[in-house]
Amino acid sequence: MKFIRIILFPIVPIYYLVTWLRNMLYDSGIKASESYDIPIICVGNLSTGGTGKTPMIEYLVRLLKDAKSVATLSRGYKRVTEGYVLGDNNSRADTIGDEPYQFLRKFNDIKVAVDGNRQNGIEQLLSLNDKPEVILLDDAYQHRKVKAGFNILLTSYDQPYYEDIVLPTGNLRELRSGAKRADIIVVSKCPKDISESKKNEMTSKLSIQPHQHLFFSYIDYSDKVISKNNILELVTLPKFTLVTGIANAKPLVGFLAEKGLDFDHIEYTDHYNFRPTDIEMLATKELILTTEKDFVRLSDNEDLQDSLYYLPITLKIEDSNIFDDLVKSFVF
């Protein structure tokens with residue numbers, strides 16, 4: 001894959017020009033963006049993934065759901081359905097996508113919808129009799145047809161966008177200058193003990209604009225692992241198999257290694273569709289630990305019921321009271 005990316009470098013200037021032109025047309029108003037009368041918060045990134053959008057959406061849901069009727073709207077990546085789908089009791093990971101299904105399972109007091117056409121998805125949600133009061137757009141930073149009222153841009157600590165270039169050689173979906181549209185920039189997956197000097201260095205390189213606010217965040221891992229029928233203490237686990245189908249498993253692998261746990265790692269691509277042969281192989285493992293996103297796709301397999309666990313995570317934001325106030329001041 002790295003070799004292919006290198007030989008595709010001549011395409012980078014073409015991609016650069018196309019994305020620059022597209023953004024210029026939207027920025028100048030030549031291409032129109034649709035605005036809406038209710039608060040719409042967009043969570044996204046410049047890169048192709050692995051920045052922690054799902055934990056951020058969950059953070060915002062927890063922050064707002066007790067005071068407002070909240071809906072999430074995602075593309076529903078790799079689902080077998082098409083168009084607009086509103087999650088319900090019959091939904092599965094393959095009908096609405098793994099991350100929306102995770103939202104649906106975790107929060108029973110919000111609406112979870114998917115639609116590749118975000119304008120149509122918003123209009124469908126607003127046509128409901130019990131329409132939401134706030135819509136959270138998941139992974140929609142490049143969906144310029146919708147003008148969100150508030151944009152939260154994520155960039156990971158170990159792969160900040162200022163060290164990257166656009167596709168296909170790099171991982172950026174658009175130019176670094178696209179960051180100027182953000183109201184909040186969050187450096188995600190930081191070490192808990194990130195130094196002030198490192199924060200100052202990143203602040204300088206991110207070129208924060210006067211209208212923007214910068215925050216640093218980290219993932220807080222639970223001390224317990226959960227299956228459909230059981231809960232175990234993480235540190236007491238015998239040797240296990242770690243199974244990941246996410247964009248960046250390095251932070252999780254590093255955390256487990258620091259705990260001194262004994263494990264093998266089977267790594268799949270992001271949003272991987274597990275095949276019957278994969279399930280057969282995994283069924284031979286005595287103990288499997290995975291992410292919550294992978295768990296919702298694997299846990300319906302009867303052969304894995306007794307061996308499959310996931311490690312819950314929570315997003316922690318430095319100066320969270322300031323972050324919360326900024327979001328609430330937009331919503332309320």
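Start by selecting Asp-324 and showing its neighbours: beyond residues up to four places away in sequence, Asp-324 touches Tyr-59 and Leu-63 (contact means heavy atoms within 4.5 Å). This is a predicted model, in which local features need pLDDT of at least 70 and side-chain atom pairs count only at pLDDT 80 or more, while totals for chains, interfaces and linings use all residues. Residues are numbered from 1 along each chain as its sequence is written, and side-chain values use heavy atoms, with hydrogens and water left out.

Asp-324 sits in helix H11 (residues 320-331); helices (H or I, at least four residues) and strands (E, at least two) are DSSP runs, numbered from the N terminus. Draw the line from its side chain to that of Tyr-59, and you will find a polar contact of 2.7 Å. Such a contact is a pair of N or O atoms within 3.5 Å; within protein, one must be able to donate a hydrogen and the other to accept it, and residues adjacent in sequence count only if both atoms are side-chain atoms.

Follow Tyr-59 next, into helix H3. Of the 12 residues in H3, 11 are buried, among them Met-56, Tyr-59, Leu-60 and Leu-63. Now check the length of H3 (residues 53-64): at 1.5 Å a residue its 12 residues should span 16 Å, and the end C-alpha atoms are 17 Å apart, which agrees. The expected span is 1.5 Å times one less than the number of residues.

Switch to the sheet. Its 9 strands form an open sheet of mixed pairing, in the order S3-S4-S2-S5-S1-S6-S7-S8-S15. Strands S3 (85-86) and S15 (313-317) are at the edges with a single partner strand each, so one side of each has no neighbour in the sheet. Two strands pair if DSSP finds at least two bridges between them.

Select strand S6 (residues 150-156), where 7 of 7 residues are buried. One side carries Phe-150, Ile-152, Leu-154 and Ser-156, and the other Asn-151, Leu-153 and Thr-155. S6 pairs in the parallel sense with strand S1 (residues 40-45) over 5 bridges, with Val-43 opposite Ile-152. Another 5 bridges join S6 to strand S7 (residues 184-188), again parallel, and there Thr-155 faces Val-187.

Move along to strand S2 (residues 70-74), which runs parallel to strand S4 (residues 111-114) with 4 bridges; Ser-74 has Val-114 as its bridge partner. Arg-118 lies in helix H6 (residues 118-126) and is buried with no salt bridge, the nearest side chain of opposite charge being Asp-139 at 5.7 Å.

Finish at Val-225 in strand S9 (residues 224-226). Is Val-225 buried or exposed? At 1% relative accessibility, Val-225 counts as buried. Val-225 and Tyr-310 are 85 residues apart in sequence, yet their C-alpha atoms are 5.5 Å apart.

Methods. Buried means under 20% relative accessible area, exposed over 50%, partly exposed in between (1.4 Å probe, protein chains only). Lys and Arg count as positive and Asp and Glu as negative; His and the chain ends are not counted. A salt bridge is a side-chain nitrogen of Lys or Arg within 4 Å of a carboxyl oxygen of Asp or Glu.
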